[in-house]
Amino acid sequence: MAQSVTLCFIDELNDFLKPPSRGRDFTVSFPEPRSLKDLIESVGVPHTEAGSVFVNGSMADMESLTVDGDMIRVCPQRDKYLIAPRFIADVHLGRLARRLRLLGLDCLFNPALDDAGIAAIGALEGRIVLTRDRRLLMRRAVTHGIFIRSGSAGEQIREVTLRVETDGFIAPLTRCPVCNGRISGTGRESVIDKVPPKTYAYYSDFSTCGECGKVYWRGAHWTRLEKMIASDVCPSNSGIFL
Ligand SMILES: [Zn+2]
């Protein structure tokens, strides 16, 4: 039997709606009962971005079915995910992936993966999908995901840490920003043929990536890197390393 329900989205969820539906109640009609998740996504809002849903004033489960005449109010997701902060980023978020890795957080990034591949790996490995593509978040395989709004990597880091508990997991400069492998200290002699002679002569501490073999040392870029990491960890920090 055909149904009509009234929907109202709160705050930033309105960004996902067509302009005529933003900031007001609007009615949608459909031929058969459907889950709240399907209904909410049918108007453009990924289920990962929706938090509490109220039907006729009572909190409801996303899988519950609509009833004709329902008044449905959808709040933004403001709770943090309580799973380990491991990520997979889409093709548009390479800079964010590098910044997360610099903080020591595990973030896969492979531009060759399509949406289905990202969703599948996210589900298989329990990774939070980071994307600027809402259609990716609407895939059923995606249980944990964050729609990234900003184009600035610094702001993107804050969008992630608002939704995911990273305290206790941040370990700056322990993960390779290039490949996501672990980096660790290595004997100076082992890098003698892998770094320029002047670098070898000037620096004593070197680290290598266990995956790609890239060699790291505290070169001229180090202070800038430390400041960037400090501001990611604590935005009010003016550049004092941890
Ligand atoms: Zn590496």
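Start with the zinc ion: its donors follow the spacing C-x2-C-x29-C-x2-C along the chain. Keep in mind that you're looking at a predicted model.

Now select C176, C179, C209 and C212 and show their side chains: the SG atom of each coordinates the zinc ion, at 2.3 to 2.4 Å. The four donor atoms make angles of 96 to 117°, and the site is tetrahedral. For reference, ideal angles for four tetrahedral donors at a metal are 109.5 degrees.

Buried or exposed? C179 counts as partly exposed because its relative accessibility is 28%, and C212, at 41%, also counts as partly exposed.

Next, zoom out and colour by domain: the assignment gives domain 1 (3-76), domain 2 (86-169) and domain 3 (172-242). Hide domain 1 for now. The C-alpha centres of domain 2 and domain 3 are 23 Å apart, and 13 residues of domain 2 are in contact with 16 residues of domain 3. About 1,300 Å² is buried between these two domains, with carbon and sulfur atoms giving 54% of that area. On the domain 2 side, select R101, L102 and L103: they lose the most area to domain 3, together 49% of what that side buries.

Last stop: R99 and D232. Their side chains meet in a salt bridge, 2.8 Å from N to O. The count between domain 2 and domain 3 is one salt bridge.

Conventions:
Residues numbered from 1 in each chain as written. Predicted model: local features only at pLDDT ≥ 70, side-chain atom pairs only at ≥ 80, totals over all residues. Heavy atoms only, no water. Donors = N, O, S within 2.8 Å, 3.2 Å for Na, K, Ca; no water. Tetrahedral: all angles 85-135°; square planar, octahedral: opposite > 155°, others 65-115°. Buried < 20%, exposed > 50% of the residue type's maximum accessible area, 1.4 Å probe, protein only. Domains from an automatic or database assignment. Contact = heavy atoms within 4.5 Å. Buried area = accessible area lost by both parts, 1.4 Å probe. Salt bridge = Lys/Arg side-chain N within 4 Å of Asp/Glu carboxyl O.
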